[in-house]
Amino acid sequence: MAKRIDVSGLNAYYGAHKAIDDISMTIEPRSVTAFIGPSGCGKSTFLRTLNRMHEVTPGGRVEGKVLLDDENLYGAGVDPVAVRRTVGMVFQRPNPFPTMSIFDNVAAGLRLNGKYRKSELKDIVERSLKGANLWNEVKDRLNKPGSGLSGGQQQRLCIARAIAVEPQVLLMDEPCSALDPISTLAIEDLIGELKERFTIVIVTHNMQQAARVSDRTAFFNLAAVGKPGKLIEIDETERIFSNPSVQATEDYISGRFG
Amino acid sequence: MTVATSHRHRKVAEPRPPLALKQSRLPRWTLPVLALVAVGAGCGIGLVAGLDSTVQWGLIAALLFVLATYLLTTAVEGTRQAKDRLATSAVWTAFLLAVVPLASLLWETVARGTKVLDGYFLSHSMGTLPDALPGGGVYHAIIGTLEQVGLATLIAAPLGLLTAIYLVEYGRGRLAKVVTFFVDVMTGIPSIVAGLFVLSVWILILGFGPSGFAGSMALAILMMPVVVRSTEEMLKLVPNELREASLALGVPKWRTILKVVLPTSIGGITTGVMLAIARITGETAPVLLLVWGAKTINNNPFDGAQQSLPLYVFQQWQQGSDASYDRAWAAALVLIAFVMVLNLVARGIARWKAPKAGR
Amino acid sequence: MDYSTSPLSETPPPPPAAASVSGRTVRPGDRIFLGLSRGSGVALLVIMAAIAAFLTYRSVLAISGDKSNFFTTLDWNATGTEPKFGIAVLAFGTVVSSVIAMAIAVPVAVGIALFISHYAPRKLASPLGYVIDLLAAVPSIVYGLWGALFLVPHLSGLYGWLDDYLGWTGIFSYSNGAARSLFTVGILLAIMILPIVTSVSREVFLQVPRMHEEAALALGATRWEVIRMSVLPFGRSGVISASMLGLGRALGETMAVATVLSPSFLISASLLDPGGGTFAQNIASKFSEADTFGQDALIASGLVLFVITLLVNGAARLIIARRKEYSGASS
């Protein structure tokens with residue numbers, strides 16, 4: 001189910017601007033890896049290179065290798081559409097399809113990928129909503145529009161939608177930044193459960209969150225505004241937060257940072 | 001592995017071997033080759049079947065191309081990709097389909113319009129020239145158009161502007177709702193109906209004759225809702241903080257509107273008014289009913305029939321001689337040029353005055 | 001808009017000397033300005049009311065003088081002692097030509113709008129949008145001139161071909177001659193409203209929130225599936241109102257029809273053969289020879305056109321209002 005990600009020599013650009021510079025790292029399967037760093041350091045951009053979403057932004061371009069187990073996502077003949085099916089994504093702001101019901105939102109990815117019998121579809125939707133800890137709250141109104149839910153519920157709906165297609169990897173781009181503390185807690189609990197089944201990568205601005213949910217943490221930084229972001233270090237979360245090997249990481253974590 | 005997988009994999013067997021990131025794809029040269037073959041086949045079929053119109057050849061070729069790519073993609077890449085291709089070709093076809101007539105319209109107008117368009121044409125009226133003879137010009141029509149459109153703007157712009165100010169700055173009651181609704185209704189009035197209205201009041205009931213001013217009134221009716229709508233949009237864009245800041249300084253509301261709100265949005269408002277002017281400049285129907293058209297110069301818009309550019313085009317076309325067709329095309333070109341310049345200037349102002357953060 | 005509770009009770013801070021804080025003084029400047037702007041709004045209402053009243057009044061004069069049924073008569077003879085005229089042919093022609101125009105223009109316009117917003121290379125997209133906006137401003141008389149002198153001669157070949165293969169349907173039968181038919185009118189109207197429908201639709205498609213598109217992309221949707229899942233549902237009401245705007249223009253278009261159509265007062269199933277008429281075209285071509293009563297008769301037909309366009313606009317607004325819940329504008 002879950003896969004290892006090996007990144008080597010990855011550069012990403014917006015037009016002529018280089019957003020991230022020469023990043024290499026390994027992301028372990030069935031674990032949570034958190035990306036932290038100041039704004040503009042390229043952590044979200046890097047996340048989006050992992051399912052080839054970066055190239056859909058106008059001018060977006062990527063160099064380097066991302067191996068999913070042994071297959072290069074940027075290899076010749078690889079279909080980005082298939083990549084995005086294998087590597088799911090949850091966004092900063094909850095984005096359920098506004099014109100679809102809760103049920104259809106969860107089923108959306110499945111319907112793209114083949115024909116399912118009604119009963120099968122029902123099973124998967126139920127399982128995914130349960131997996132996202134949302135089932136009990138919405139089981140009576142599956143046919144209502146998804147945009148009627150609260151922010152936290154919408155975000156869990158988006159997670160249910162992402163896991164319904166059974167991806168190998170789940171990318172989360174600041175999934176809690178638009179949510180209140182209680183919804184945040186619910187999502188964090190959920191992440192803890194989901195890592196049994198998926199490789200999870202999460203970008204966060206909240207260092208406590210990184211410390212709470214992740215097994216490994218990567219710190220990104222940039223030399224100056226307008227310069228590309230770099231990976232400073234990646235290590236066990238505990239070490240990063242107690243005894244990082246690079247001074248810049250320590251400065252950032254302890255708040256001694258511009 | 002949790003609850004998930006066991007009974008799913010039976011059904012979805014084919015699309016998920018361990019990891020199918022690579023899917024069989026058509027080589028890149030396939031599409032250009034298919035296009036060439038389709039064009040060839042289209043011409044071939046056209047020739048053999050003796051279809052005289054090249055439009056038909058093109059249609060056949062396009063159809064063959066779309067069909068062939070769809071079938072081939074289905075076979076090699078699967079239905080999803082094929083549907084994607086089909087949509088792409090459909091969208092491209094729609095684009096090409098539309099480009100042909102619109103480009104032809106512009107091309108014909110320019111090509112045929114430049115034939116008699118010169119200084120003489122712009123500075124002379126038709127006078128007593130018989131319609132079948134070459135010569136004559138549009139001077140009287142240009143004068144008429146400028147006067148009618150100018151008068152219409154004088155009526156419609158202030159009324160529209162003030163109405164919009166009322167709706168945005170003051171309007172909260174029932175009256176504002178009613179006005180908003182009727183502005184919507186007014187937007188949908190066909191131009192000929194506006195002409196009929198002025199005809200029924202001004203000419204049939206009050207007994208006035210045709211004049212440029214009668215046409216202006218109908219044009220003003222068409223222009224007003226456009227001005228109201230665009231001004232409203234612009235006023236709504238002015239942030240409330242600006243108004244509050246001014247009011248908090250003790251500036252009375254009317255001066256706040258005049259000195260803060262309007263100057264902030266003046267660029268957008270000007271653009272809206274100019275686009276509305278461009279729009280009514282091309283209106284023919286009300287002018288036909290109310291101004292009637294004339295062959296000679298009439299500088300007085302308040303008395304007697306006048307000419308206008310769009311009406312001139314129509315009447316020259318009606319004459320049906322080669323010389324009058326030439327004049328119709330030339331006048332159409334003048335008209336288009338006038339409208340385009342108005343549009344370009346208006347959009348230029350919009351861009352120049354736009355706040356930096358625009359989309 | 002929310003910064004004052006009521007325009008008249010507003011109490012500005014006191015100017016340097018006089019006026020107490022609690023005084024409910026209304027400044028003359030404010031009063032004049034409010035009066036002017038409200039007056040303009042009222043003037044607009046008065047104009048609308050006048051339009052309705054006078055058109056109805058003249059129409060009643062005309063219809064009561066009509067010696068035959070105004071709605072079913074297949075003739076337009078509004079002179080003499082026995083005036084007989086009816087709008088059946090005009091209603092038929094107007095509806096048919098507009099329907100043809102919509103059937104051609106809306107799918108093509110949506111296609112071009114998608115092309116500009118989602119398919120065309122970025123360098124091409126924004127100048128294209130610009131050109132389309134400019135084309136929307138080309139006066140209809142120019143379309144009419146082009147239609148009469150260029151389009152009509154080029155269509156007879158196509159019509160002959162349609163007649164060969166589809167002539168048996170009756171609708172597509174064509175006896176050689178100038179292609180000055182309702183179908184040609186429909187095609188020309190389609191070309192004419194194409195820019196405006198495209199322009200509005202493109203605007204809507206560009207406003208689809210990026211996050212909805214990314215949601216679909218992240219699920220592994222192809223470009224077409226992204227459009228189907230997030231762009232089209234989001235833009236649907238916008239496309240409907242764009243189409244209605246186009247339909248409104250097509251219904252009321254005068255010159256482009258008057259130049260292209262060779263009118264007759266017959267309802268014929270064959271749409272390719274010359275004949276038929278529309279409200280606006282009939283008014284324009286009958287006007288010059290009409291006496292006062294004849295003009296009243298034309299006004300009556302104009303009133304019917306007015307009512308039809310009102311109904312169309314109202315319907316569009318209803319459709320859009322009903323779709324609000326699902327429009328996504330709230331989220």
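Chain A contains 10 helices and 10 strands; helices (H or I, at least four residues) and strands (E, at least two) are DSSP runs numbered from the N terminus. Its radius of gyration is 18 Å, close to the 18 Å that the globule rule gives for 258 residues, so chain A is as compact as a globular protein of that length. The radius is taken over C-alpha atoms, and the rule is 2.2 Å times the number of residues to the power 0.38. Along the principal axes, the C-alpha atoms of chain A fill a box of roughly 55 × 45 × 30 Å.

The model is predicted: local features need pLDDT of at least 70, side-chain atom pairs count only at pLDDT 80 or more, and totals for chains, interfaces and linings use all residues. Residues are numbered from 1 along each chain as its sequence is written, while chains are lettered from A and ligands numbered from 1 in the order in which they are written.

Of the 258 residues of chain A, 50% count as buried (20 or more other C-beta atoms within 10 Å of the residue's own; 12 or fewer is exposed, in between is partly exposed; C-beta atoms are placed from the backbone). Contacts are defined by C-beta atoms, placed from the backbone, that lie within 7 Å. In chain A, 69% of the contacts with a separation of 6 or more come from residues 24 or more positions apart.

Chain C has 10 helices and two strands. Its elements run α-β-β-α-α-α-α-α-α-α-α-α from the N terminus on. Buried residues make up 50% of its 331 residues. Among contacts in chain C between residues at least 6 apart in sequence, 71% join residues at least 24 apart.

Within chain C, helix 4 (140-166) packs with helix 5 (residues 182-206) at about 135°, with their axes 10 Å apart. Axes are lines fitted to C-alpha atoms, for helices over the stretch in contact, and angles run from 0 to 180 degrees between N-to-C directions. The two helices are therefore oblique to each other (under 35 degrees is roughly parallel, over 145 roughly antiparallel, 65 to 115 roughly perpendicular, the rest oblique). Their crossing is right-handed, the near helix being turned clockwise from the far one by less than a right angle; anticlockwise is left-handed. C:S140, C:Y143, C:G147, C:L151, C:V152 and C:L155 of helix 4 meet C:T184, C:L188, C:I191 and C:M192 of helix 5. By class, this contact has seven nonpolar, three polar and no charged residues. Ala, Val, Leu, Ile, Met, Phe, Trp, Tyr, Cys and Pro count as nonpolar, Asp, Glu, Lys and Arg as charged, and the others, Gly among them, as polar.

Between chains, 76 residues of chain C are in contact with 83 residues of chain B. Helix 1 of chain C supplies the largest share of the chain C side, 19 residues. That side divides into 51 nonpolar, 18 polar and seven charged residues.

Helix 6 (residues 139-170) of chain B packs with helix 1 (residues 28-65) of chain C at about 110°, their axes 7 Å apart. That makes the two helices roughly perpendicular. The crossing is left-handed.

Nine of the 11 residues of helix 13 (residues 309-319) of chain B are buried, so this helix is largely enclosed by the rest of the structure. Among its buried residues are B:Y312, B:F314 and B:W317. B:G320 follows helix 13 of chain B, with a positive phi near 75°.

Conventions. Contact = placed C-beta atoms within 7 Å.
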